[in-house]
Structures are given as C-alpha cells and as structure tokens.
Amino acid sequence: MRLQRPAPIRNIDQQLTRTKRFMILVIILTLPGLIINPGDTLILGFIVGGIFGIINCILLVKRMNSLMELMKQTDINQKRAKAFMRAGFYPRMALIVGIIALAGRVDFLSIYGVGAGLLVPTVITVVDANLALYRYYTARDAVDKI
C-alpha cells in the first residue's frame, strides 16, 4: 500500500526568500566583473535588471498574498480574483517597460544586460522549484522500490 503525500510545492514566501538569496549570490558573483571593467554597460545593466527583477517578484508575491487574504475575508468569485490580479499586473509591467526604456535612453546601461537581469529571478524560481519536485519524485521512487 502506497502512502500518498502532496507534492513539495513550497510556500510562496519561502520560494521568494530562496530566489532572493540566489539572485543576491548571482549579483555578488557579477560584481568582480564590474570592478575589473568599471565601464562595462552589460554588467551594470545585468545588475540593475536583476535588482528590478527581484522587486518585480516581491510585488507579485505581495499581490498574491493580499489576494489570499481577500479570499479568506470575503466570498470572492473567480472573475473578481482575476481582475484583482490583473490590476497588479499592469504596474509590474510598467516597471519592466520603464526600466527597459530607461536602459534604451542612457549610455551607461545595456538594454541586453537589463533584459537578462530581469529574466534571471524567474529562471531561478523555475529551476529551483523543478529541482525540488525532481528530488521528491526520485527519492519517493527509490523508497518504493525497496
């Protein structure tokens, strides 16, 4: 008889903490390149994009947590929940478009670096969550084979 356990989907706040830690590590590992070559627009753009990528993640988590609180307090339907999340999407998208537009206008930021920096927190989150699922299912299969 197999015991069914839920998949190890992390709490969103815990996942945000892990993503912030990994992103800070990536930024720290990138800083020596900026020290060696201080005028490198790609590295500076990557660091700025990474910071704004983390800010974007923090805003998303806050919006999701406030939606959960709203769902606990009131009887919210699916249409209102989607509208609530959509209302949080546009400011975050404006933040992304704004920083990319700024990088396109100034000479000291590379638009490619900013774009890469904005994507790194998302990649970190996806890879970290998938590794947790992989570990869970391979460990479970190993125990079931005994």
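This report describes the fold, helices, annotated spans and charged pairs of a predicted protein model.

## Confidence and overall architecture

The model is predicted, and its chain averages a pLDDT of 87, with 90% of the residues scoring at least 70. Among the elements, helix α1 (residues 12-36) has the highest confidence, at a mean of 94. Helix α4 (residues 111-144) has the lowest, at 85.

The chain contains 4 helices and 0 strands, and the order of elements from the N terminus is α-α-α-α. The C-alpha trace spans about 65 × 45 × 15 Å along its principal axes. The radius of gyration is 19 Å, whereas a compact globule of 146 residues would have a value near 15 Å. Of the 146 residues, 26% are buried. Among contacts with a sequence separation of 6 or more, 71% are between residues 24 or more positions apart.

## Helix α3

Helix α3 covers residues 78-105, a run of 28 residues. From its first C-alpha to its last it reaches 40 Å, close to the 40 Å expected at 1.5 Å a residue. The buried residues of this helix are A81, G88, R92, I99 and A103.

A87 also belongs to helix α3. With a relative accessible area of 43%, A87 is partly exposed, because its value falls between the 20% limit for buried residues and the 50% limit for exposed ones. A87 and G39 are separated by 48 residues in sequence, and their C-alpha atoms are 38 Å apart in space.

## Annotated transmembrane regions

An unreviewed UniProt entry carries the annotation "transmembrane region" for residues 21-36, 42-62, 83-103 and 109-133. Residues 42-62 are 100% helix and 0% strand, and the C-alpha atoms at the ends of the span lie 30 Å apart. Residues 83-103 are likewise 100% helix and 0% strand. The end C-alpha atoms of residues 83-103 are 31 Å apart.

Side chains of opposite charge can pair when their charged atoms come close. In this model the count comes to 3 salt bridges. One of them joins D128 to R10, with the closest N and O atoms 3.2 Å apart. This pair links distant parts of the chain: D128 lies in helix α4 and R10 in the segment before α1, 118 residues apart. D128 has a relative accessible area of 5% and is therefore buried, the cut-off being under 20%.

D128 also forms a salt bridge with R18, at 2.7 Å from N to O. Here too distant parts of the chain are linked, as R18 is in helix α1 and D128 in helix α4, 110 residues apart. R18 counts as partly exposed, at 26% relative accessibility.

Q15 counts as buried because its relative accessibility is 10%.

The side chains of E69 and K72 meet in another salt bridge, at 4.0 Å from N to O. Both residues lie in helix α2 (residues 41-73), 3 residues apart, about one turn of the helix. E69 is partly exposed at 40% relative accessibility, while K72, at 65%, counts as exposed. Elsewhere, salt bridges that share partners join R10, R18 and D128 into one network.

Technical notes
Residues are numbered from 1 along each chain as its sequence is written. This is a predicted model: local features need pLDDT of at least 70, side-chain atom pairs count only at pLDDT 80 or more; totals for chains, interfaces and linings use all residues. Side-chain values use heavy atoms; hydrogens and water are left out. pLDDT is the predictor's confidence in each residue, from 0 to 100. Helices (H or I, at least four residues) and strands (E, at least two) are DSSP runs, numbered from the N terminus. The expected span of a helix is 1.5 Å times one less than its number of residues. Buried means under 20% relative accessible area, exposed over 50%, partly exposed in between (1.4 Å probe, protein chains only). UniProt positions are given in the numbering used here, feature names are shortened, and annotations may be inferred rather than shown by experiment. The radius of gyration is taken over C-alpha atoms; the globule rule is 2.2 Å times the number of residues to the power 0.38. Contact means heavy atoms within 4.5 Å.
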